[in-house]
Amino acid sequence: MKLGHPEYTEFEVVGFDSTPKIECGRSLPLLRNLTTNSFSMGTNQLHNPSHELAISEEEIKSWLAEGRITMLPKPLPAFQHAIIVYAREDMLRLGNGLTLPKRIGNHRLQWQRLLEHDPRTWTTLVPESLSITLLDLWGLHFRDLTTMLLERFLLEQDEAFRAQAETTAEIARGAAMNVRLRCEIFVRHGLAILHSNTPERIETVFNIIVRREYPQWNHDDYLSLVRELGELLRARRQLHSLPKSPAATLSTTKPDPWLIMLRKAEEISAENPATQATRSEESAKWNRSAYPVTEAQSKRLTARILGSTEVILNPEDFQIVVGEPACYYPGVLKRCMDAIYLDATAFVNAAKLFKDILTSDPSTHSTVTYSIAKDMDQPPEQPYKITKV
Amino acid sequence: MPALDKIENRLHDNLDWHASYNTNLASAGKIAEQIQIVHVLGNPSTFFSNFSSWPPTLSPTDDTNARSRPRTVKTEDAFNLGRCVYFYAGRAFPVSGGMAFAFSPVAEANHEGSVTPFDTGGLYCDDFFKPYIHMTPSKDAHSRKAFCQASMIPLAIWRKRFADFLAVYFSPLAGYWEGRPWKPDPDGILLHPQNTWQAWTFEVRFQEPHGISKVDFWCAKEDDLELFRRNATNALPAAYSAEFAKFLDRMLTPGQGTLNYCNLIEQEIRNRVSL
């Protein structure tokens, strides 16, 4: 069943479940059956009396008044796996130039403002897979913004930067769906709290949020990761060399894959180019041992990337990518992540840089990685103007 | 309960129906014994706005503030239900809010209340509110009140009636979640083409507040969970953190919100009754 399938032409999306609660998020669409005037939530249970509501316009008004549903100013055609994504203008204002994307890959996004009840919120209707992409894109943006604010705070000790970093980390957390991305955001959020006037909140954050998603972490793991990130960001800002020896960093008592991977990625991004190639190879090697990938799998991914105009990596693909040293260069990773989430052409261009690595003899990895690293230096940071919240 | 009045005679006159009833009765009995009742929070951000103490309680409707729906209050008054906390037996529907809580049968202990084999709000009608449960032949407000009174089941015995209702009207039993009843009831409700799930889902009502800490398992919409966690991390006193942790431990998807929180909670309920 696809867009325009007869089963969906009987329905239109007139609103969505609940009301926007945070800066951005997703909701199930509220569908109206144009023939029977009954309503249902989501597009997976069409024509099922166990999931339909035969209700009156008065009831709709009542639910609207209670905030149980939100109506769209203009109904939209329904399609399979359709999801509403909303974005508040607060998020755009705090996003340092963030705008609503007009397209993702080949999919054009049509945004409409919730005029009557919430004029500062915009919504769009997208396939479910793209809703995740869109939220991860915002999560990435606010993760990077948080990183920048934390660096500025650590350098200048201006509380305004820290406070805003805490806010942007929460926005990033509210948006991001990707498990690795969330992991990075949690650590940045922890760092912002650790330097606040109430650092004890970090324990509550760990117990209420972090431990729930990463049950294998303990509080000490989290705290040490947060502190290490602080040191690394300070070092990156001041262009210092490694704050810790690799051996000391790797001697974790609980070898949780996410913890180790995160530490390595953060460390490598703080290193100077001369040591990046070696360290990236180490990280990739570790991941290859943690997530064994066959040559055939690598080749299949390469073929898929290079042979397609629109590619979105799934978790299995991601395991292949993190086994490649190039993944650990901040510029490479960012460009590829942007490409994955933003634009198919950019993704294919970035993927071509992986081609040699994905298909070459492992013994040549370091050489290829080094040449990519030169090509993919991080772009110069833009001056950041802080906005008072 | 009109839907089950003289059911033996009706079954006796229809061999297929009788056979299906006999086949399903034992399974229906097991489902009815174990099935969770579900409360979906209408507005979680309001309910969890105050973390100065923990746990909060689900409160009966209150006509003195805007929290309660006018239709619900009018229904309670018209049908003499009293002020209630509402649950559905094994079902959840997203229009009700952003967090769904499932309670096991033991949570009903020490409560006064009643149950009907339909959503009472859908049965109610007046000059403003049209009914969304249709009857054949059509009945006026006065007759609907009488029908509701006749359908009322005491809280203490509702599970037995629910077992009978399932075995009589659903074949297969999963139709309670996935489809609709397969045989007619005397009041022309269950097979009425305009009626949907609210016409055959059991509504369970408690007269007293109900502690959220008694929850068996729960899940939430993504953004509701995020807002809930933000509020909790900023405002929950340390003294309540252990109790709060127990509550979080009962989340169906640890640490993760989901758009399909209602489907998920229904699926878990069905898993637990092996359906």
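How many residues lie between strand 3 and strand 4 of chain A in their hairpin? Five, and A:Asn37 in that turn has a positive phi of about 65°.

This is a predicted model, where local features need pLDDT of at least 70, side-chain atom pairs count only at pLDDT 80 or more, and totals for chains, interfaces and linings use all residues. Residues are numbered from 1 along each chain as its sequence is written, with chains lettered from A and ligands numbered from 1 in the order in which they are written.

**View 1. Strands 1, 3 and 4 of chain A.** Strand 1 (residues 11-17) runs antiparallel to strand 3 (residues 29-33), joined by five bridges; A:Val13 has A:Leu31 as its bridge partner. Strand 3 is also antiparallel to strand 4 (residues 39-41), through three bridges, and here A:Leu30 sits opposite A:Met41. (Strands are DSSP runs of E, at least two residues, numbered from the N terminus; they pair if DSSP finds at least two bridges between them.)

**View 2. Where chain A meets chain B.** The contact (C-beta atoms, placed from the backbone, within 7 Å) takes 37 residues from chain A and 40 from chain B. On the chain A side, helix 7 (H or I runs, at least four residues, count as helices) gives the largest share, eight residues.

View 3. Mean pLDDT, the predictor's confidence in each residue from 0 to 100, is 74 for chain A. It stays under 50 over residues 338-344 of chain A, and is below 50 over residues 355-389 of chain A as well.

Definitions and conventions:
Contact = placed C-beta atoms within 7 Å.
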